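Please open the model in a viewer and keep the selection panel at hand.

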Amino acid sequence: MQDFSYLSAAGKERGALIKGLQMVQEKEGYISDAAISAVASHFALSEAEVEGVVSFYAQFKRNKPGKHQIAVCDGTACHIKGSTLIQEWISAETGIKAGETDADGFFSLSTVACLGCCSLAPVMSINGKVYGKLDRKALISILKNLRKNG
Amino acid sequence: MIKTIKIGTASCGLAAGAGELLEILRKEAGDIPVLEVGCIGHCYAEPLLELVTDSGSVFYSNVKADEKSIRSVLSLAPEGRFSIPEKRSSKEMLKVTRLAGKIDPVSYDAYKAEGGFSALEKALAMSSDALVDEIKKSGLRGRGGGGFPTGNKWQFLAAKKADQKILICNADEGDPGAFMDRSLMESVPYQVLEGMLIGAHATGATKLFIYCRAEYPLAIRNLKLAIKELEKRGITTIGNRKVEVIIKEGAGAFVCGEETSMIASLEGRRGTPRFRPPFPTDSGYMGYPTAINNVETFGNIPLIVREGAAAFASVGTEKSKGTKIFALAGDIKCPGLAEVPMGITLAEIVYDIGGAEPGTVKAVQTGGPSGGCIPADKFNTPVDYDSLNALGAIMGSGGLIVIGQNRCMVEAARYFLDFTHRESCGKCTFCRVGTKRMFETLERITKGDGLETDVPFLEDLGKKIKKGSLCGLGQTAPNPVLATIRYFKNEYDAHVKEKKCPALECGPLVDVAIDKSNCIKCKLCIKNCPVGAVSDSFVIDNSKCTRCNSCIEVCPKKTISRVEKGSGYSAVSGQL
């Protein structure tokens, strides 16, 4: 049985539900079925209602992410600067598509609406660190380096 | 003599490598204080250093994070110096962003020393009525895109009698391509908070929320530090009531930028909009009277109070007063933030400030996925709320994406609908199903399977979605399609009738070919092709090729390119 007692820091008000879910995701990396039950009982809501909120917001993940979470920005600026190609190159290198985690749990890939670094387009972030002005060469070397350093 | 070194460590600076640079700089700088500052808006020059010397400041741009480069900068070498292009500085008017990138964002004293909180002090000496009146007189309109007069909104809230009144700062900057608000929150968080506290006095608000998207961790961090400092100093006490300032992190839903959705999200629910009336100023967060203003709107407030409504209103056009911050990105030389007086022309922004070469630009997209594109031949339009509306675009929050001649407008429209149909909350049928159908139709057209009836269908459906949707998302989602059909019908025709993409962007409508006359047989293309589409004799099998551009990127002689499907190059042999 997992321990979700840290949820008490969010308080019990309905308005803190999203905060509570964010805490879970920060700790666990994703929202598991067990977490849905725990959050539902903490806020005295039905599981369906919690699932409804989780599925509404793009930030919440229901699958366990990889050690290195790659988020490719697909904002307008990045898109016209070739973010589709960035995604393809990452997929070719890692073998996974957006929304997937690779077999050994090393990389996971997702797209985000906009990281707000449009002037450095195209950009991606890996575990929150933003990499800008990507071209194929820079991208491949970033991924290879991560692979090398574990 | 170098007195201080300032390094821009806002998100864009960090993404460009300011973090690594800072580490080495700290080691090399010895006794010279190194100060982390926000963003001055010249993102293309990041990482950017400002060396404050006895005889003024010297800037260095694109500084590399190695000891040699840093020593060269510390010796005030002439190489690598940066100066703001005069063409640009003559068009800009730094009012709201005056302190951005100049001061330590989280230092209360630094903000105070530059005149910070003098506006709050002045406001507190005024009556609420007089304050609301001053904002009304300034002519300030909401900077989030709607353009509703801020003073009027505040007056509605001020007139309400309730034990709790809520003022929300909309920091959910969800338009892809917009980053003005991020920069303000990261660079001058105290200024945004000062604006909010003035708002609290004007409207009698008891609780202040900042609804900030979770993708902006640095903005959230800086705001949190600033709020803590203000609470410690008792500045969040207005008159004799303590005002609560709470940061709420969004969770990634574009529709939450709409006010009733945002309120639902703050209440911990799915962020779906609801009917208005009742307007939030009558019944908003938890039923309390609520007003919502954008980050940049709040950023303008201290300026108005400090300099007076008349001074503020002396800038801009008849119906759009003051300055506007634009986030410039896309196919231009100098992307970044630019604060300009309302009424400046698009040409001045794109060419003089953005540094784009005339002739290379096809259009700009304003207002993100809710906006429209404006073709280059209309760039002499003055930028204000009403002129842009007249062109079928909107001011929006200030994202301005420059689209080059080499881009496909149908693909751009497809991209926006891909975004909006996924972000539609699903409440209104026209928006939920309609945007999906529009997206599928555009997808079909960009794949070369477009039907003659598709363009009229898109126009008809687009108009219906606008009428049949409750909130701003649905009401504006068809705009990018309608605007591109209006101005770039020829590109739609080329895709539908001739099955061609003039910009060579739509994968299924192009081939990739090697020009063998310049090929040096280095085999990089063969090694890098993920699907093995390049043969040992340097022929590309276009039936295997996924148009991923890997070979085009790696080719040292630039011999590989996209060509029109079935044109001069034979699709089978890949040769001329």
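Begin by selecting Lys27(A) and Tyr6(A): the charged end of Lys27(A) sits over the ring of Tyr6(A), 4.5 Å from the ring centre. A charge is counted as over a ring when NZ of Lys or CZ of Arg is within 6 Å of the ring centre and within 35 degrees of the ring normal. Select next Lys324(B) and Phe326(B), where the charged end of the lysine sits over the phenylalanine ring at 5.8 Å from its centre.

The model is predicted: local features need pLDDT of at least 70 and side-chain atom pairs count only at pLDDT 80 or more, whereas totals for chains, interfaces and linings use all residues. Residues are numbered from 1 along each chain as its sequence is written, chains are lettered from A and ligands numbered from 1 in the order in which they are written, and side-chain values use heavy atoms, with hydrogens and water left out.

Chain A contains 6 helices and 4 strands, in the order α-α-α-β-α-α-β-β-β-α from the N terminus. Helices (H or I, at least four residues) and strands (E, at least two) are DSSP runs, numbered from the N terminus. The C-alpha trace of chain A spans about 50 × 30 × 25 Å along its principal axes. Of its 150 residues, 55% count as buried, a term that means under 20% relative accessible area (1.4 Å probe, protein chains only).

Turn to the aromatic side chains. Over all chains, the structure holds 16 aromatic pairs. Rings of Phe, Tyr and Trp (its six-membered ring) pair if their centres lie within 6.5 Å; planes under 30 degrees apart count as stacked, over 60 as edge-to-face and the rest as tilted. Select Tyr111(B) and Tyr190(B): their ring centres are 6.0 Å apart and their planes at 15°, so this pair is stacked. Tyr111(B) belongs to helix α5 (residues 108-113) of chain B and Tyr190(B) to helix α10 (residues 189-203) of chain B, so the pair ties together parts 79 residues apart in sequence. Both tyrosines, Tyr111(B) and Tyr190(B), are buried.

Is Glu194(B) buried or exposed? Glu194(B) is buried, with a relative accessible area of 0%.

Next, select strands β14 (residues 361-366) and β15 of chain B, which run antiparallel and are joined by 4 bridges; strands pair if DSSP finds at least two bridges between them. Val364(B) stands opposite Ile374(B) in β15(B). In this hairpin, with 5 residues between the strands, Gly367(B) takes a positive phi near 75°. Strand β15 (residues 372-375) is covered on both faces: Gly372(B) and Ile374(B) on one side, and Cys373(B) and Pro375(B) on the other, are all buried.

Key. Buried < 20%, exposed > 50% of the residue type's maximum accessible area, 1.4 Å probe, protein only.
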